[in-house]
Amino acid sequence: MKFATFVHDGKRQAGVVADDHVHPFQYPAELLDLIVEGAESLRAAGEHALAGSLPVPVADVVLLPPLQPPTVRDYMTFESHVAGVARGYGDTVPEEWYAAPAFYFTNPYAVIGAHDDVPVPPGCLRFDFELEVAAVIGKAGRDLTPEWAREHIIGYTILNDWSARDLQGREMRVKLGPAKGKDTATTLGPWLVTTDELEPHRDAEGFLDLALTVQVNGETIGRDRLANMAWTFEEMAAYASRGTWIRPGDVLGSGTCGNGGCLAELWGRNGALEPPPLIPGDHVTMTVEGIGTLSNTVVEGVAPVPLPPARRRR
């Protein structure tokens, strides 16, 4: 099933998506609350909606993020992406990258919907997108094995990790971050697709073999396959749960795909800012086989509020 959160006639609702229509749940419910209750509760709510509610065309609603995640972990699991970005710094993929699926925590309050406008971050001159797929946790767990982790993933959605590359590069020279370089917006959507829907795409190694495409202003910039990840989502969930809890609604981003999944990779390979950074008016469209499409427009941001430099205490 596919589940969406949306606004129709000024009312925030959630429901199940079928045949280009949304069937609202028959009683008010947040998608995250149903996820917390478990996969069976979510499926039952969807079946009741399909059987009894009045469908609304998807074109007539405003799609919100499918859920408001309590945490968002974003990984780097595509070797070609890491290699391309590293090349821009005269570097190669570090051996440490191969040891474990590294991630950082990004801002759950910055999550936006599939068609929302995206403001340029304050002070940013090198704005970028990142084409990713995210797994959503549906069951709490700790110290999981990859085999156990599979039953803890309830579904998948598309993730665009919008990135201020100049801010990111500056702050990471402090050996901390990224922070403000990734703080303005993360698109999730257009809906949550349950694991059973994508199971036919699973390959022999356990990867979901889905086609990924990103376009800017109608021109294809990058394309890859999700099966080119270096770790499966189950392995990523197991690592996330090592020594701690993962809980329902937690989002695990795949990291940027390769072959043009972001501009920074292409800048590293081309040795120049080509294609150019995003500017107001640019339209970024991402499509993932079996999940759907996001399309966001970049708009003017605000100027940064001035702050003084550090007080030197030495």
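## Accessibility and the model

A residue counts as buried under 20% relative accessible area, as exposed over 50%, and as partly exposed in between. By that scale Asp143, at 41% relative accessibility, is partly exposed. The structure is a predicted model.

Side chains of opposite charge can pair when their charged atoms come close. The count of salt bridges here comes to 17. One of them joins Asp143 to Arg142, at 3.7 Å from N to O. Arg142 has a relative accessibility of 38%, so Arg142 is partly exposed. Asp143, at 41%, is partly exposed as well.

Another salt bridge links Arg43 and Asp196. Their closest N and O atoms are 3.2 Å apart. Arg43 belongs to helix 2 (residues 39–52), while Asp196 belongs to helix 6 (residues 195–198). The pair therefore ties together parts that lie 153 residues apart in sequence. Arg43 is partly exposed, with a relative accessible area of 29%. Asp196 is partly exposed too, at 41%.

## A buried salt bridge and its network

Asp161 and Lys182 also form a salt bridge. Here the closest N and O atoms are 2.8 Å apart. Asp161 sits in strand 13 (residues 153–161). Lys182 sits in the loop between helix 5 (165–172) and strand 15 (186–194). The pair thus ties together parts 21 residues apart in sequence.

Are these two residues buried or exposed? Asp161 has a relative accessibility of 1%, so Asp161 counts as buried. Lys182 is buried as well, at 4%. The pair also belongs to a network: salt bridges with shared partners join Asp128, Glu130, Asp161, Arg165 and Lys182.

Strands of a sheet pair through backbone hydrogen bonds, either parallel or antiparallel.

Strand 20 (residues 283–288) pairs with strand 21 (residues 292–299) in the antiparallel sense, over six bridges. Within this pairing, Thr287 has Thr293 of strand 21 as its bridge partner. Strand 20 also pairs with strand 16, again antiparallel, over five bridges. There, Gln215 has Thr285 of strand 20 as its bridge partner.

Strand 16 (residues 211–216) runs antiparallel to strand 17, and six bridges join them. Val216 stands opposite Glu219 in strand 17. The two strands form a hairpin with two residues between them. Asn217 lies in the turn and has a positive phi of about 55°.

What does Thr232 contact, leaving aside its neighbours within four places in sequence? Its contacts are Glu205, Gly206 and Phe207. At 6% relative accessibility, Thr232 is buried.

## The largest pocket

Rolling a probe the size of a water molecule over the atoms shows where empty space is left. The largest pocket has a volume of about 1300 Å³. Its lining holds 40 residues. Met76, Val85, Tyr89, Gln168 and Met172 lie nearest its centre.

Which elements give two or more residues to this lining? They are strand 6 (72–75), helix 3 (79–87), strand 7 (103–106), helix 5 and helix 8 (263–270). Helix 5 gives five residues, the largest share. By type, the lining of the largest pocket has 18 nonpolar, ten polar and twelve charged residues.

## The second largest pocket

The second largest pocket has a volume of about 380 Å³. It is lined by 13 residues. Nearest its centre are Pro122, Leu167, Arg170, Lys180 and Pro304. The lining of the second largest pocket divides into seven nonpolar, two polar and four charged residues.

Conventions
Residues are numbered from 1 along each chain as its sequence is written. This is a predicted model: local features need pLDDT of at least 70, side-chain atom pairs count only at pLDDT 80 or more; totals for chains, interfaces and linings use all residues. Side-chain values use heavy atoms; hydrogens and water are left out. Two strands pair if DSSP finds at least two bridges between them. Helices (H or I, at least four residues) and strands (E, at least two) are DSSP runs, numbered from the N terminus. A salt bridge is a side-chain nitrogen of Lys or Arg within 4 Å of a carboxyl oxygen of Asp or Glu. Buried means under 20% relative accessible area, exposed over 50%, partly exposed in between (1.4 Å probe, protein chains only). Contact means heavy atoms within 4.5 Å. On a 1 Å grid over the protein atoms alone, a cavity is a set of points where a 1.4 Å probe fits but cannot get out, and a pocket is an open set with protein on both sides within 12 Å along at least five of seven lines; lining residues have an atom within 4 Å of a point. Grid points are joined across faces, edges and corners, and a volume is the space filled by probe spheres set on the points. Ala, Val, Leu, Ile, Met, Phe, Trp, Tyr, Cys and Pro count as nonpolar, Asp, Glu, Lys and Arg as charged, and the others, Gly among them, as polar.
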